[in-house]
Amino acid sequence: MTAPDHVVGVGVDLLADAAEAQAVDVTRVDWRPPMPGTEADLAAVAADPRRLAANEEALARMLRVQAMLVDVGPAADVLDLEPGRFLHAGPPIAWDRASGPLRGALMGAAALEGLVDDPEDAAALFEKGEGVALEPCHHRGAVGPMAGVVAPSMWMFVLEDPSTGARTHCTLNEGLGKVLRYGAYAPEVLTRLRWMADVLGPLLQAAVRSSGPVDVTGILTQMLQMGDEAHNRNRAGTLMLLRDLAPTMVTAAADAGFRTDDVADALRFVGGNDHFFLNLAMPACKLALDAARDVPGSTMVVAMARNGTDFGIQVSGTGDEWFTGPAQLADGLFLGDYGPDDANPDIGDSAITETAGIGGFAMATAPAIVRLVGGTVPDALATTRRMHEITLGENPRWSVPVLEFQGVPTGIDVTRVCRTGILPQINTGMAGRVAGVGQVGAGLVTPPAEVFPKALSRLAERAAAAG
């Protein structure tokens, strides 16, 4: 019998290892069976004649969007957010199921709005539900990092796509550590938020209105080539934003009645907060993904979000429906004496960056990120390559220099996730599980696997109804 000169190994490595041990060339194919119980739904969705064109349309819509920073203003004005209504990250949730960091952020926000004098008294207010209401940021054209709590007096970035006039919004970034978005509500947290509303927000508003729109999509293009991945590393993006806005912050300050010290404090705050640009990257990604919504037959994921209890996804072809499962604990690095027992399950709308193809999907462009979230540089490169297996295409605007300027993997496909079992990789911060603690670390996490078969089942139902 003639020995083969080449073997293709599929699935488990046992046979491939044996062939290599006998000096045979082996090509390994990383194949795995589909997620259990998805076979019939995969077949039904694959047979949907709308699917290929629908996914091409959804991806094309997303890639056409240009996100421009056009204004800054209070949530009460730009979102018509009523007194007593609070936005939060992730899919819908009520107070009785809210996680510690979400409760802490809501308690601090209630005190910020003057509904209570002491944040501790706000728990009873939310338990009764009288005069207060909760709503996901995503339902109001907004996104929020970590707990994602937005109160009417908080100032928001306003991003717009000039070709359609569509808008998205996000709060101003407070920094790291003991901040409201991580569930902290100590007096210094509220003092900082009041300064942001009284000084930083109006200064940024004056600067943006004076300078004209700032090209956020363009900054994202540049920062990905400068070592940022735009989720947990935003240093280059923050400095480029400061470059664009600092001159007009100075010149507009006098007309707006601000002192020189106010301008210096604002510039120092932004320049000293490497995460400041995150709150522009997030609404830029949402703006692009919102354009891809509601394409009948499309299997493309348009949102991934977590509220600290549930992880939810939304899909282009299934409207506003959320498919949820339990939020997972991140695996990563901890601050100080904190450890895994101190961390809350994953939380925040910031996974919108991965949904758009950056963040954890672009780890190869930011190898230094492993010093914050754990892992190794080879892991970062392998992650970006692996995410191409579950996406519909690439984003030519956002490229990875070390991978020959290949576009980032873009357009998570529910069918590819279910067919391969590969889950999206997310870089994330970790909030303390107890209200008031703040940040305890950062790490890597994936969605609960069951959300994708749930979405696939609904896609199969819609395919059958349309057929």
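**Exercise 1. Determine how the span of helix α10 compares with the expected one, and which of its residues are buried.**

Solution. Helix α10 covers residues 260-271, and its 12 residues reach 16 Å from the first C-alpha to the last, close to the 16 Å expected at 1.5 Å a residue; the expected span is 1.5 Å times one less than the number of residues. Helices here are DSSP runs of H or I with at least four residues, strands are runs of E with at least two, and both are numbered from the N terminus. The model is predicted, so that local features need pLDDT of at least 70 and side-chain atom pairs count only at pLDDT 80 or more, while totals for chains, interfaces and linings use all residues. Residues are numbered from 1 along each chain as its sequence is written, and side-chain values use heavy atoms, with hydrogens and water left out.

The next step is burial, where buried means under 20% relative accessible area, exposed over 50% and partly exposed in between, with a 1.4 Å probe and protein chains only. By this criterion the buried residues of α10 are Asp 262, Val 263, Ala 266, Phe 269 and Val 270. Seen down the helix axis, these buried residues fall within an arc of 130 degrees, so they line one face of α10; the arc is taken from the directions from the helix axis to the C-beta atoms. On the other side of α10, Thr 260 and Arg 268 are exposed. The cover over the buried residues includes α7 (187-211) and α9 (235-255), where contact means heavy atoms within 4.5 Å.

**Exercise 2. Describe the edge-to-face pair formed by Phe 86 and Phe 126, and locate both residues.**

Solution. Rings of Phe, Tyr and Trp (its six-membered ring) pair if their centres lie within 6.5 Å, and planes under 30 degrees apart count as stacked, over 60 as edge-to-face and the rest as tilted. The count by this rule comes to 4 aromatic pairs. One of them joins Phe 86 and Phe 126, at 5.6 Å centre to centre and with 65 degrees between the planes, which is edge-to-face. Phe 86 belongs to strand β4 (residues 85-88) and Phe 126 to helix α6 (residues 122-128), so that the pair links distant parts of the chain, 40 residues apart. Phe 86 is buried at a relative accessible area of 0%, and Phe 126 is buried at 5%. Ring pairs also link Phe 86, Trp 95 and Phe 126 into a cluster.
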